[in-house]
Amino acid sequence: LVDKIKGFELKVHPDGNFTADMVLKGGLGAADKFVEFKSWKTGSFSLLNGTQYKNQLKSYMQSGNFEQIFDAQKLIKDGVKNPDNFVKQKIVDMIKKNAGEFWNDENVRPFFIKNNIQSLDKLKEINTSSKIISNFKSK
């Protein structure tokens, strides 16, 4: 794994203010993968609807290759039986609630189109099994 690490705290997007906790080297023409770790308790998920989180997520979406990993142990300690599903559902709810904001951002829309979401209406129909939600995990 060590030789796959490109670096830590590197900018997600050249013009952006956000850094990824870890960047993994893309192999043979593949894009680098930006990885963000979140050590959140259940109450912290209210941050998903904040401007800072949404802007950070948009930067990751612009990169095209990212993963956000949430600390499962903290969620289990808070009584969450299935942390991975909990995280995915929270992300789905946030994206649906803010679908217009995400879809209307011309820098972010290509991420959705690349993942077979061709319209705002389709974005509003995502669920925990949607391809884009596989970028969010709890471990």
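Predicted model: local features only at pLDDT ≥ 70, side-chain atom pairs only at ≥ 80, totals over all residues.

Me: OK, so where does N116 fall, buried or exposed?
Reply: N116 is exposed, because its relative accessible area is 62%.

Me: Where is N116 located?
Reply: In the loop between α5 (109–114) and α6. Its backbone deserves a look too: N116 has a positive phi of about 65°, and it is not a glycine.

Me: Which strand residue has a positive phi without being glycine?
Reply: E9, with phi near 55°. E9 belongs to strand β1, residues 5–11.

Me: How open is E9? What's its relative accessible area?
Reply: 48%, so E9 counts as partly exposed.

Me: What does E9 touch, apart from its neighbours within four places in sequence?
Reply: T19, A20 and D21.

Me: Zoom out. How many helices and strands?
Reply: Six helices and five strands. The order along the sequence is β-β-β-α-β-α-α-α-α-α-β.

Me: Now overall size. What does the radius of gyration say?
Reply: The protein has 15 Å. A compact globule of 139 residues would be near 14 Å, so the value agrees with that. The C-alpha trace spans about 40 × 35 × 25 Å along its principal axes.

Me: And what share of residues is buried?
Reply: 42% of the 139 residues.

Me: What about contacts between residues at least 24 apart?
Reply: They make up 56% of the contacts between residues at least 6 apart in sequence.

Me: Switching to aromatics. How many pairs?
Reply: Ten aromatic pairs, taking ring centres within 6.5 Å as the rule. One of them is F111 with F112, which is edge-to-face: 5.5 Å centre to centre and 70° between the planes.

Me: Are those two phenylalanines, F111 and F112, buried or exposed?
Reply: F111 is buried, because its relative accessible area is 5%. F112 is buried as well, at 0%.

Me: Which cluster do they sit in?
Reply: An aromatic cluster formed by Y60, F66, W103, F111, F112 and F136.

Me: Last one, N135. Where is it?
Reply: In the loop between α6 (120–123) and β5 (136–138).

Me: A loop residue, then. Buried or exposed?
Reply: Buried: the relative accessibility of N135 is 15%, which is why it gets that label.

Me: What does N135 touch, leaving out residues up to four places away?
Reply: F66, E67, Q68 and F111. Both F66 and F111 are members of the aromatic cluster.

Me: And how far is N135 from N65?
Reply: 8.4 Å between the C-alpha atoms, with the two residues 70 apart along the chain.

Methods
Residues numbered from 1 in each chain as written. Heavy atoms only, no water. Helix = DSSP H or I, 4+ residues; strand = E, 2+ residues; numbered from the N terminus. Rg over C-alpha atoms; globule rule 2.2 N^0.38 Å. Buried < 20%, exposed > 50% of the residue type's maximum accessible area, 1.4 Å probe, protein only. Contact = heavy atoms within 4.5 Å. Phe/Tyr/Trp six-rings, centres within 6.5 Å; stacked < 30°, edge-to-face > 60°.
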